[in-house]
Structures are given as structure tokens and as C-alpha cells.
Amino acid sequence: MTALGKLLRTTAFRLTLVYLVVFSLFAAFLLGYFAFNTRRLINEQIATIVSGELQLLQVQYNQAGIRRLVAAVDVRSRRPGSSLYLVTTPIGEGLAGNVGSLEPGILESEGWVETAYRRLEEPESAEHNALVRVTRLPGGIRILVGRDLDERERIFHIVALAGRWSVAIVIVLGIAGGVFVSRRVLKRVDAMTGTTQTIMAGDLSGRLSVIGSGDEFDRLAVNLNGMLERIESLMRGLKEVTDNIAHDLKTPLTRLRNRCEAALRTANSETEFRRVLEDTIEESEGLIRTFDALLMIARAESGEVREGMAEFDVAEVARDVSELYEPLAEDKGLTLEVNAKQHAAVKGNRELVSQALANLVDNAIKYAAPSAKVSSGAVNGERSGILVTADAEQDRIVLTVSDHGPGIPSADRSRVVDRFVRLERSRSLPGSGLGLSLVSAVARLHGGELKLEDNAPGLRARISLPRAAAPPQQAA
Amino acid sequence: MRLLIIEDDRDAADYLVKAFREVGHVADHAADGEEGLSLALDGGYDVLIVDRMLPKLDGLTVIGCLRTKNITTPALILSALGAVDDRVRGLRAGGDDYLPKPYSFSELLARVEVLARRHVGRGEDTQYRVGDLELDRLSHRVVRGKEEILLQPREFRLLEYLMKHAGQVVTRTMLLENVWDYHFDPQTNVIDVHISRLRSKIDKGFAQPLLHTVRGAGYMIRDGAR
């Protein structure tokens with residue numbers, strides 16, 4: 001498409017054209033109305049003057065007869081800028097006046113008429129128009145008084161000219177304005193199109209420029225940028241997942257394969273093969289678990305689960321999960337206490353929140369169990385309890401899981417939430433390194449967050465979620 | 001037991017047919033939704049195993065068609081989609097159980113057997129009895145021999161579920177789903193600890209253990225004397 005074609009197709013330009021037509025029509029109507037009224041006004045003025053003079057002459061004729069009338073007409077005819085006068089005998093013979101010629105038959109009837117005329121002293125060719133009135137006086141004398149219409153025509157011409165000019169100016173200015181506005185709009189739209197094209201080509205870091213004028217384009221750009229931000233973070237997450245899958249699933253897969261190969265090479269009894277097969281199944285189950293966790297995190301992060309959200313009681317979840325883990329904790333020499341009496345309504349996915357809490361409790365049991373406390377001798381047997389709480393704090397619902405295990409050094413606290421991060425100390429314990437990532441993803445899905453705090457000693461994991469208010473609030 | 005396996009993956013289907021035959025069941029195979037639907041309509045099956053994504057007619061539609069024709073053969077849905085909402089959708093479409101892929105055969109077998117038995121109409125008895133162990137669902141009383149056993153509410157539900165399916169293998173996931181209503185994997189085997197607690201209450205001090213561990217599969221409650 002050519003630049004001009006593009007310009008002509010813009011909405012702004014089309015709108016300008018529509019406005020242009022509307023304004024032209026309006027201007028034409030206005031001038032027409034003005035011209036019409038001016039004409040009427042002039043006609044009225046002429047009529048008043050003519051009628052006045054006619055009356056005056058009539059009075060003179062009635063008082064002093066034809067001689068006086070002729071004298072008066074002669075005097076008036078000679079004044080500069082005078083009206084038209086003609087006094088004739090009943091048979092049409094001119095007695096006095098300044099009219100040289102008239103259209104034929106004008107004098108025959110009484111009343112108002114427009115006619116072409118020529119004054120006495122003027123050459124043959126000079127014809128003008130006049131509005132005249134003819135009256136028959138007693139005695140058959142006819143008298144004509146009229147006034148030139150040149151003035152009216154002149155004003156009318158001026159108005160017509162003004163009309164033509166103003167329409168022309170409106171059109172020129174309108175088109176120029178349209179082009180100007182369209183080009184401005186087009187320039188910004190073109191800039192946006194250009195940016196989106198580079199983004200579509202794969203460069204997701206591109207952003208639309210925001211001028212700061214706060215106009216509709218700026219608002220659009222800000223919104224589109226927000227959308228791009230979200231897309232980019234989702235893409236980044238996806239890429240991270242892919243990378244992590246590549247790394248952390250390939251490692252156990254390699255191990256699996258090596259083990260099978262080794263068995264094929266060296267094993268020579270059924271028992272040995274059986275053992276390797278059992279190990280293989282176990283390893284593949286671990287793989288499936290890791291895979292499930294990854295998918296779950298990805299789903300939680302994409303917000304896909306959001307549709308199935310309903311209101312539920314977090315305190316109940318805390319009690320249920322604690323009840324599920326209590327025997328396990330006891331088995332490991334820990335006490336598991338729960339403090340969640342108050343109803344704590346949250347809008348969300350009960351299953352996911354349960355799983356998140358289960359992960360936290362599972363972690364607490366895993367790391368705070370006396371057998372796992374090799375690295376922190378400071379903890380005595382008295383303080384080996386795990387405490388699960390669910391409470392309402394203003395507009396948040398806070399779930400905490402506190403233990404008195406070794407805790408996490410403050411430097412590592414933000415890192416452990418990342419996928420597959422396992423601290424040195426925990427490498428020997430089973431786990432995929434995805435537990436906290438899932439908890440964090442679930443918290444964010446519900447518009448909340450996961451915080452890891454020092455429980456001095458130990459760790460306190462704290463999930464805060466927005467409370468479901470009476471008018472249900474949208475999770476941010 | 002006669003089974004119909006509707007599954008488009010040839011290898012997976014062959015494996016299932018063979019595995020079910022090995023444990024003494026009859027299994028037919030349909031490779032797409034249409035064939036599966038017409039075979040299922042002819043009836044005579046105890047349980048249907050339906051893959052969710054099938055050529056021609058997807059699994060949920062097959063089950064939906066059967067249900068509108070008042071064929072109530074229990075159906076277990078197999079699906080690669082394991083998330084909670086997919087599961088809910090599957091059950092809402094008329095499925096009776098849902099097992100995400102990849103699954104272990106012992107898990108599938110245990111679930112299929114429970115489904116088949118449920119269909120035969122074992123019903124909701126008010127009392128369960130295994131050997132000298134009795135459970136009354138109305139009064140919430142559990143008695144072994146002459147001795148009353150006091151159980152926590154959850155332990156009662158656990159025992160109730162096991163006794164309802166007495167003589168059948170019940171897997172850990174089945175317990176987690178039916179007793180706790182959780183569909184996620186709790187990583188550490190919390191169920192084992194609950195079972196061992198329950199076992200210490202109902203079996204300790206009795207010569208004949210009733211609650212058995214089935215290696216590689218799950219648990220079963222049965223009268224050991226038989």
C-alpha cells in the first residue's frame with residue numbers, strides 16, 4: 001500500500017472527511033440564510049422609501065395639482081443618488097422624471113414590480129434593475145417611483161463570494177487538518193505495528209513506546225506492555241521448565257539406562273535381574289513424581305486452574321493435613337500440633353492449597369526429625385515440635401508451618417523456592433527439590449505469597465493468602 | 001470378570017489384555033471410540049477401561065452415550081491429563097473412577113476389581129464383618145472377638161473402607177482418595193503409618209492377623225483362616 005493510500009484509509013482521515021462535509025453544508029446554509037435575509041431586508045427598506053416618497057408626491061398633487069407635482073419630481077430627480085421618478089399623462093406621455101426607458105407595459109398596471117431601466121442621461125447600453133411602484137392619480141395621471149437594486153445585488157455578490165471563499169477555506173483547512181491528524185495517528189500506529197512485528201518475529205523483550213501524554217494511545221501501549229510482560233514471564237517460565245526437565249529428568253533417566261545396561265552385561269541370576277527391575281520401577285516412579293510436580297507448578301503458574309476456584313476453609317485444610325501427617329511425625333519422634341480454630345475463608349483451589357501445606361509439613365518432618373538433625377546439635381529434645389497454624393490477619397489468611405530443625409540460612413531462603421534447588425545438607429534425603437516451588441506457585445496463583453522466616457531455631461514457612469471477603473474479591 | 005479395554009495405543013492395549021488374562025480375567029480390546037461404544041452397548045462386560053483420548057469418538061463421549069442409554073457398566077477412565085479439574089470432568093461425564101497415566105498395573109487391577117464388585121451390588125451394608133472383626137456403621141462401634149476397639153474418626157473411616165472391600169487389594173492412592181479425599185501424591189508414605197497404627201489397634205494381641213500388606217500393591221483386609 002502506498003503512503004498516500006494508507007493515509008486515506010486511516011480512520012482519522014475518514015472522520016475528517018465526514019466532518020468536512022458536515023461543516024461545508026453548515027457554512028453554506030448559514031451564508032444562504034444570511035443572503036436571503038439581507039435581500040429581504042433591503043427589499044423592505046426600498047419599499048419603505050418608495051412608499052414614503054410616493055405618498056409625499058401624492059399629497060402635493062392633491063393639494064396643488066399637476067404643476068406642483070412636476071416641479072417636485074424635477075427637484076428630486078436632480079439630487080445625487082436619487083430614486084427613480086416618472087410622471088406621465090394618461091396616454092403615457094412623460095411629464096417629468098429621470099427615467100429614460102423602461103420595460104414596456106410597466107405603467108399599465110398599478111403596484112410593485114421589478115424592472116430593467118435606464119436613466120435619462122445614461123447611454124443606451126447602461127441598464128439597471130429597479131424595484132418600482134406605479135400609482136394612478138385622480139385625473140388619469142400616472143406616477144412611478146422606484147429605487148435601484150444595484151446595492152442589493154452588490155451585497156448579494158459579496159455574500160456569495162464570501163460563501164465561496166469560506167467553503168474553499170474550510171475544505172483546504174479540513175483536508176490539511178485531516179492529513180495532519182491522520183499522519184500523527186498513523187505515525188504512532190506505525191510505530192506500534194513495527195514494535196509488534198519485531199515481537200512477533202520472536203524478540204519478546206520489545207516494548208511499545210509510551211509518550212507520557214496519557215492519551216488513548218498511551219493507555220493502549222501501557223496495557224499492551226503489561227500483556228507482553230505477562231507473556232514474556234510465562235515464556236520464561238516455560239523455558240525454565242523445559243531446561244529443568246532436560247537437566248533433572250535426563251539425569252535420572254541416564255542413571256536408569258546405565259543400571260539396565262550394567263544388568264544386561266553383568267547380571268547372571270534371576271534374582272539379580274529381578275532386583276534391577278524393581279529398582280528400575282522405583283526410579284521411574286520417582287521420575288513420574290518429578291514430572292507431575294513440574295506440570296502442576298506450570299499449571300499453577302499459568303493460572304489455568306483459576307476457573308475451578310471456590311470458597312473453602314483454610315483452617316479445616318490445616319487440621320486435615322495435620323491429621324494426615326500426625327502419625328508420621330510421631331513415628332519420627334516429633335510432635336505435630338495444629339492451631340486453627342477460627343474459620344478462615346479463602347477463594348481458591350482446596351486441593352492445591354492442601355498439597356502446598358502437605359509439602360510444607362512433609363518438609364518440616366523430613367528436616368526437623370531428630371535423625372536428620374545431625375548438623376544442628378543445638379536443638380534439644382524438648383523443642384522438637386512442629387506447629388501448624390491458620391489464622392486471619394486483617395484481610396489476609398496466614399498459614400504457617402514452624403519447626404525447630406536446622407532451618408535455612410537467610411542467604412539461601414529466596415533461592416530454595418526456585419525449581420530443583422536443594423541445599424547441600426539435604427542432598428542425602430529423598431526429594432525432587434520441587435516442593436517449595438510448588439508451594440510458592442500455589443500461593444502466587446491465589447494472589448498470595450510464601451515467606452520463609454527464622455523460627456530461632458528452625459524454619460517458619462508462612463503462606464499468606466487474600467481473605468475471601470463478603471463481596472468476592474478477584475485474586476490479583 | 002469380563003473387561004473391555006478401549007485404548008488406541010496397540011502396545012498398551014496388548015499389555016493390558018495379556019496382564020488381565022494372566023490374573024484370570026477375560027479382556028476384549030477396542031481400538032477406537034466407535035468400536036468401543038458398539039461393543040459396550042452389546043453389554044456383558046463387568047468393567048470398561050476407557051482411554052480419554054481416542055480416535056473417532058473420545059472416551060468421555062463414549063461413556064456419556066452409554067449413560068444416556070442407561071447402561072451402567074462401571075467405567076474407569078485412563079488419561080494422560082492428571083490434573084484435578086480433568087479428573088472432575090471425567091467423573092462428571094459418567095466415569096466411575098479416574099486413573100492418570102502412567103499407572104502401575106497393580107493399581108489398575110485393584111481399582112477394576114473394586115469397581116466390578118461394587119457393580120454386582122454388594123451395596124451399602126450397615127455392618128461389615130471380617131473373621132471375628134465387626135464394624136457397625138451406624139453406631140460407629142468396632143468389636144474384635146468380645147473386645148471393643150476404640151478408633152479415631154479417621155481410623156474408623158479407614159477401617160470402614162478396607163472392610164467394605166474385604167478380600168480385595170486396596171492401594172495407597174485409593175485410600176488417600178477415598179478416606180482423605182486427596183488426589184495428590186504426599187511424597188512420603190503417610191498412609192503406611194496410618195495403616196500401621198490401625199493394625200496395632202485391630203491386630204495386636206490376636207493370633208490371626210486380618211490386615212495384610214500386599215507387596216508392591218497395597219493393603220487387604222481378609223479372614224486369614226480361609
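The pLDDT is the predictor's confidence in each residue, on a scale from 0 to 100. In this predicted model, chain B has a mean pLDDT of 86, and 95% of its residues reach 70 or more. For the complex as a whole, the predictor gives an ipTM of 0.82 together with a pTM of 0.63.

**Chain B**
- Chain B contains eight helices and 12 strands, and of its 226 residues 37% are buried.

**Contact between chains A and B**
- The contact draws on 17 residues from chain A and 18 residues from chain B.
- On the side of chain A that touches chain B, helix H5 (270-302), helix H6 (314-331) and helix H7 (350-368) each supply at least two residues, and H6(A) gives the most, with six residues.
- By class, the residues on this side of chain A are seven nonpolar, three polar and seven charged.

**Packing of H7(A) against H8(A)**
- The axes of H7(A) and helix H8 (residues 435-445) of chain A come within 9 Å and cross at roughly 145 degrees, and the crossing in which H7(A) passes H8(A) is left-handed.
- From H7(A), the contact is made by Leu352(A), Val353(A), Ala356(A), Asn359(A), Leu360(A), Asp362(A) and Asn363(A), while H8(A) brings Gly435(A), Leu438(A), Val439(A), Val442(A) and Ala443(A).
- Sorted by class, the contact of H7(A) with H8(A) has eight nonpolar, three polar and one charged residues.

Key
Residues are numbered from 1 along each chain as its sequence is written. Chains are lettered from A and ligands numbered from 1 in the order in which they are written. This is a predicted model: local features need pLDDT of at least 70, side-chain atom pairs count only at pLDDT 80 or more; totals for chains, interfaces and linings use all residues. Helices (H or I, at least four residues) and strands (E, at least two) are DSSP runs, numbered from the N terminus. A residue is buried if 20 or more other C-beta atoms lie within 10 Å of its own, exposed if 12 or fewer, and partly exposed in between; C-beta atoms are placed from the backbone. Two residues are in contact if their C-beta atoms, placed from the backbone, lie within 7 Å. Ala, Val, Leu, Ile, Met, Phe, Trp, Tyr, Cys and Pro count as nonpolar, Asp, Glu, Lys and Arg as charged, and the others, Gly among them, as polar. Axes are lines fitted to C-alpha atoms, for helices over the stretch in contact, and angles run from 0 to 180 degrees between N-to-C directions. A crossing is left-handed if the near helix is turned anticlockwise from the far one by less than a right angle, and right-handed if clockwise.
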